[in-house]
Amino acid sequence: MQTAASISIIPRIAASLVALLGAAGSARWACAEQAAGVEEAREALGREGFPWYDKQEDALKPVHVSEPWDLPQGSKTNFSFGVSGWEWLMFAAFVAVLAVVIWLLIKAYLNREETLSTAGSHRLKQTAVDDAARIEALPFRIRRGDIDLLAEARRLYEEGKYGEAIIYLFSYQLVEMDRRQVIRLAKGKTNRQYLRDLRRLPPLRTLVERSMIAFEEVFFGGHTLDRSRFETVWLQLGQFNALVAGQAPA
């Protein structure tokens, strides 16, 4: 009986052993497959070079990410945009220096304009004084006062007063030649003496002589001067000015 019972148990034990061996084999196969998967994942992470994976330690490592700008403590709306206090201070100093430079340039320009204006005013006053002295030195008398001789000659010409116009035109020529230092006006000198002073300048002497003759016919002779005779002198005014300017000292 015991022998038979023992014999009947043997197959069940064998079956149990087979089952256990199978289960152990399956477990080892599963572990081997899992280990292979882990190794493949490790190789993939190391090959791709992820910044958060430490290949040597086979572990995660921290990643430092900088903020786009710093927010001051206690403020949610005052953004600095990555600019430090020193940079703002340097920028403010640059703006201040630039403003001072611009102000100095404007001030210098205004001072220069004022100086030029003052100098121009002084020159005009001095010219008026000098012209008055020249008019006083003419060998004849004309209306005194602060007067533009050429403008007065043009005005009388446009009004048809050719006899009066030639007086102011010839006076302008004498004064202009003295201003340009071509002749020297002096009291007591006559028109003929001024012509002799121009003998070294024949073209200019010819123009002045033509004006002088027309002037003397009106001023001393009391003759009437017609338009064509006056215009013969008037239309040569540009040539006269060019010749006088060409003889002026540099």
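Where pLDDT is low, the predicted coordinates should not be read in detail.

Residues are numbered from 1 along each chain as its sequence is written, and side-chain values use heavy atoms, with hydrogens and water left out. For the chain, the mean pLDDT is 75, and 57% of its residues reach 70 or more.

## The overall layout

The chain has eight helices and two strands. These are DSSP runs, numbered from the N terminus: helices are H or I with at least four residues, and strands are E with at least two. Reading from the N terminus, the order is α-β-β-α-α-α-α-α-α-α.

Of the chain's 250 residues, 24% count as buried, meaning under 20% relative accessible area, with over 50% being exposed and partly exposed in between (1.4 Å probe, protein chains only). Among contacts with a separation of 6 or more, 55% come from residues 24 or more positions apart.

## H3 against H4

Two packed helices are described by the angle between their axes and the distance between the axes. Axes are lines fitted to C-alpha atoms, for helices over the stretch in contact, and angles run from 0 to 180 degrees between N-to-C directions. Helix H3 (residues 149-158) and H4 have axes that come within 8 Å and cross at roughly 160°. H3 and H4 are therefore roughly antiparallel to each other; that label is for angles over 145 degrees, while under 35 is roughly parallel, 65 to 115 roughly perpendicular and the rest oblique.

On the H3 side, the residues that meet H4 include Leu-150, Ala-153 and Tyr-157, and their partners in H4 include Leu-169 and Tyr-172. By class, this contact of H3 with H4 has eleven nonpolar, one polar and two charged residues. Here Ala, Val, Leu, Ile, Met, Phe, Trp, Tyr, Cys and Pro count as nonpolar, Asp, Glu, Lys and Arg as charged, and the others, Gly among them, as polar.

## H4 against H8

H4 (residues 162-179) also meets H8 (residues 237-247): their axes come within 11 Å and cross at roughly 15°. That makes H4 roughly parallel to H8. The contact is made by Leu-169, Tyr-172, Gln-173, Glu-176 and Met-177 of H4, with Leu-237, Phe-240, Asn-241 and Val-244 from H8. Sorted by class, that gives six nonpolar, two polar and one charged residues.

Glu-176 of helix H4 is buried, at a relative accessible area of 10%. Setting aside residues up to four places away in sequence, Glu-176 touches Phe-240 and Val-244.

Trp-234 sits in helix H7 (residues 227-234) and is buried, with a relative accessible area of 12%. Beyond its neighbours within four places in sequence, Trp-234 is in contact with Leu-150, Ala-153, Arg-154, Tyr-157 and Leu-169.

Glu-216 belongs to helix H6 (residues 202-219). Glu-216 is buried too, with a relative accessible area of 19%, and touches Asn-191, Arg-192 and Gly-221, not counting residues up to four places away in sequence.

Terms used:
This is a predicted model: local features need pLDDT of at least 70, side-chain atom pairs count only at pLDDT 80 or more; totals for chains, interfaces and linings use all residues. Contact means heavy atoms within 4.5 Å. pLDDT is the predictor's confidence in each residue, from 0 to 100.
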